Structure formats: structure tokens, C-alpha cells
Amino acid sequence: MTSPLSSLLSAVSGGGSGGAVAGGVGGDVYIGKEERTISVPKRPKTKIVVDKTMNLADAISQAYTWDNKQRAAFVAKARALGFTDVTDLTSPNLWAMAVNGASQWFKESKGKIKMTPEEYLEWYAKSQKEQEGYTGPTTSKTITNYGGAQIRDWINDGLLKKAGRTFESLDQNERSQLYQAVNEYLQKSAITTTRKGKKEGTTITEVTPGPSAAGVQEVVAKVGQDILAPDIERQQRINFASWLSQNAAGA
């Protein structure tokens, strides 16, 4: 699939830590093909085409680094696809939805289904239009997608409470694992489902409780058992000592 927004993604991806050949799929987002030149001693240089992926957090954050021209191109394309309510201000949320959708397919298929965020957006828009022509019983689901900065804030608060660490103090692998886990929790915790009731003309709306600080802390603690065990144990001792001190003072 070739997307009209491919040039936009290429313009903002820029390589760096985000550019990597797809290996372990993890939370990576497929962003297209890349031509590379490899050198073998005593042999001519060879050009190969490889899959290029990007870290989920970095991919979502791209929307905040676009210049005016790039943002205008994305908004114009999104409106042409039917997302008529999108604006410069809300464009990062739509981009996050597309990144999450493409990443989920890439991850769950073990890297077999490769679509860029723009291709996912086009696919999603097409499926929505097809549903509009269907008049039978329907169920609609709305999932709230959080921006990169919001997710980092959730993780940062959870880390401080559970491990005495900050998001910025983590290495790239630790950030990626926590970001993926918390992002999945936030999406599953913020869902509104509407379906037709048994009586004609009635609808039933079900809303999940939504994310909470305690819920994020639980995710951080669960993921951190493997990657932040010493920090979590240290913070537990600090919390216990603080509790003991407060209770002893009040005795």
C-alpha cells in the first residue's frame, strides 16, 4: 500500500533511535521500507531494502514536532478521509490513534501485517464509511487515545510512587516496555460502547470506569518486577519507614 502521506512520515521520522530493522516486534510501529548499502570486504557494495520501524512513544510524539506545512498536510488529508472535525490542535490525538492501530496489528501479527500509521488511517476511514451504509443492529465503540505527553505524565507519577524513579531516568528499553504497557491499560480503561436495545428506538451505552492513578501504579509495579526490581524494593522500604515514623510519632 502506498499512502499520500508517505512523504510526511518520511519528513518527520528522521532516523535516530527510532529507525531500526524489525526484529522482535514488541511495541514498534512499522513506518515503511528503507534502502541501505552494506559493505563486505573485497566485494562490491550492495544495496538492500529493509523494513523500518520506530519506537511507539517516538512515533506518537512525531505529531508534536511537525512544522506548520506538515501539520496542514496531515489535517487536509484527514479531512479528505472523512475526519472533518480534526484541527491543528486535535491532530496529535488522531495521529496517536493511527499509530496505536498500526502498532497493534504489527505486534499481534508478529510483524506479518505491515501498515504505516497513514495506511491504517485510510483503512480505518474506509471501514467507517462502509459501516455507514449498514442499517442492521449495530454496536459502536469509542476508545480514548492519549497523547505522548499525557502518557509520560501517567508513567512518571506511577514511577515516583512505586520505584522512586522518573521517566527520564529510564533507559530506552525500560521506557519502551512501560510506555507500551501503560498505553494499553489507558486504552482498555477508556472505552464507551453503544448498542441498540431490544426495544425499537432505544440504545444502551456502557462506559468503562476509566483509568486511574492507582491503575497506572499497578501496571508500573507489574512491569517493573522484571526491569526495576531493586528500585521497587528500595521504595517499598522507604514507604514502610515513612509509615512507621508517622505512626510512631502519633502513638
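User: Where is the place of R165?

Analyst: R165 is in the loop between helix 6 (148–162) and helix 7 (172–189). Helices are DSSP runs of H or I, at least four residues, numbered from the N terminus. The model is predicted: local features need pLDDT of at least 70, side-chain atom pairs count only at pLDDT 80 or more, and totals for chains, interfaces and linings use all residues. Residues are numbered from 1 along each chain as its sequence is written, and side-chain values use heavy atoms, with hydrogens and water left out.

User: Is R165 buried or exposed?

Analyst: Buried means under 20% relative accessible area, exposed over 50%, and partly exposed in between (1.4 Å probe, protein chains only). R165 has a relative accessible area of 17%, so R165 is buried.

User: Which residues is R165 in contact with?

Analyst: Contact means heavy atoms within 4.5 Å. Leaving aside neighbours within four places in sequence, the partners of R165 are N156, L159, L160, L170, E174, L228 and D231.

User: Which residues of helix 3 are buried?

Analyst: Q70, R71, F74, V75 and A78 are buried in helix 3. Seen down the helix axis, these buried residues fall within an arc of 130°, so they line one face of helix 3. The arc is that of the directions from the helix axis to the C-beta atoms. On the other side of helix 3, N68, K69 and A80 are exposed.

Note on methods: Helices (H or I, at least four residues) and strands (E, at least two) are DSSP runs, numbered from the N terminus.
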